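Subject: Structure handover

Hello,

Here is the structure you are taking over. Please open it first, then read the notes below.

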Amino acid sequence: MSKPTVFVTGAAAGIGRATAALFAARGYLVGACDVDEVGLSRLAAELPAGSVQTAVLDVTDREQWELRLREFHERAGRLDVLVNNAGVLRSGRFEEIGLAAHRALLDVNIGGVVIGTHAAFPYLRDTAGAQVVNLCSASAIYGQPELATYGASKSAVKSLTEALDLEWRKHDIRVLAIWPLFVATGMVDGLDIGSTRSLGIRLTSDDVADGIWAATRRGTRLRPEKVHYEIGVQAKVLATTAKYAPSWAVRRANRFFSGT
C-alpha cells in the first residue's frame with residue numbers, strides 16, 4: 001500500500017503549518033499549499049526530506065486548485081485527507097469594515113472550501129476511506145459581535161460539512177468540522193474585541209493540529225465517529241451550552257462575553 005496522504009491549505013503558518021508538520025511526522029506525504037511562498041519554503045526545509053510537496057495556491061481560484069491537486073495526485077496516487085484550513089479574519093463593527101473586506105472573508109472562508117472540496121472530489125472518491133476536514137470556529141456557535149461576517153462564513157462551513165457528510169457516505173468519504181475558539185496565530189495578532197478580552201486566547205496551533213489528527217483516526221464501537229469536534233474546554237462548554245440552554249440564555253451569555 002502506498003504512503004497515506006494529506007493536502008493542507010494555508011500551510012505556511014499557524015494551524016496549517018502545525019498540521020502539515022504533525023502528519024509528516026506520522027508518516028504521511030503532505031501536500032502543503034498557501035499564497036505565502038516564503039513560508040512554504042521554510043516549512044519544507046524543516047520537514048523530513050521527501051515528506052512534503054509544496055505549491056502556491058490561491059484557494060479562491062478554481063484553476064489553481066485543479067492544477068495543484070493534479071500535481072499532488074500524480075506523485076501520490078491517492079488523497080486520504082483534505083484539510084480546508086486556509087482562512088482570513090477581520091474584526092470590528094460591521095458597518096465600519098469595508099465591503100471589500102467582507103467579500104474577501106466570504107470568498108476565502110466559504111468560496112475556498114466549496115471550490116477546493118468540489119475539485120478534490122474525484123481524488124477523494126477514488127481513495128478508500130477518504131476524509132475532508134473543514135476548519136470551523138466556535139464563533140459560529142452563536143453570532144459574535146465584531147466578528148459578524150467571519151462567524152457567518154464559518155456557519156456556512158458548518159452547514160456544508162453536515163450536508164456533504166451525508167451526501168458522500170455512499171462514496172465512503174467522511175466530512176468533519178474542527179471547532180477551536182481563539183488560537184494564538186498570526187491571524188489574531190492585534191485582535192482586541194470583547195470576546196477575546198473576556199475569554200482570552202488559550203489555544204495554540206499545536207492544540208488544533210492534535211485535534212485534527214485525533215478526529216481523523218477512524219472510529220470504533222467505543223469511540224464512534226462524529227461530525228463536529230470542539231477543540232479545548234472553552235469551545236466544548238460553549239457548544240454544550242448552546243445545544244441545551246434556552247435561546248434567551250445563550251443570547252445573554254454571548255452579550256456578556258462580547259461586552260455588548
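At what angle do helix H3 and helix H4 pack, and how far apart are their axes? H3 (residues 62-76) and H4 (residues 99-125) pack at about 35°, with their axes 10 Å apart. Axes are lines fitted to C-alpha atoms over the stretch in contact, and angles run from 0 to 180 degrees between N-to-C directions. Helices (H or I, at least four residues) and strands (E, at least two) are DSSP runs, numbered from the N terminus.

Two notes on the basis. This is a predicted model: local features need pLDDT of at least 70, side-chain atom pairs count only at pLDDT 80 or more, and totals for chains, interfaces and linings use all residues. Residues are numbered from 1 along each chain as its sequence is written, and side-chain values use heavy atoms, with hydrogens and water left out.

On the H3 side, the contact (heavy atoms within 4.5 Å) is made by Arg62, Trp65, Glu66, Leu69, Arg70 and His73. H4 brings residues including Gly112, Ile115, Gly116 and Tyr123.

Next, the pockets. A pocket is an open set of points on a 1 Å grid over the protein atoms alone, where a 1.4 Å probe fits, with protein on both sides within 12 Å along at least five of seven lines; lining residues have an atom within 4 Å of a point. A volume is the space filled by probe spheres set on the points, which are joined across faces, edges and corners.

The largest pocket has a volume of about 870 Å³. It is lined by 47 residues. Ile15, Leu89, Tyr150, Thr185 and Met187 lie nearest its centre.

The second largest pocket has a volume of about 280 Å³. Its lining includes Lys158, Glu162, Trp179 and His228. H8 gives the largest share, four residues.

Last, salt bridges (a side-chain nitrogen of Lys or Arg within 4 Å of a carboxyl oxygen of Asp or Glu). The whole structure has eight. In one of them, Glu46 meets Arg17 at 2.7 Å, N to O. Glu46 lies in helix H2 (residues 37-46) and Arg17 in helix H1, so the pair ties together parts 29 residues apart in sequence.

Best wishes
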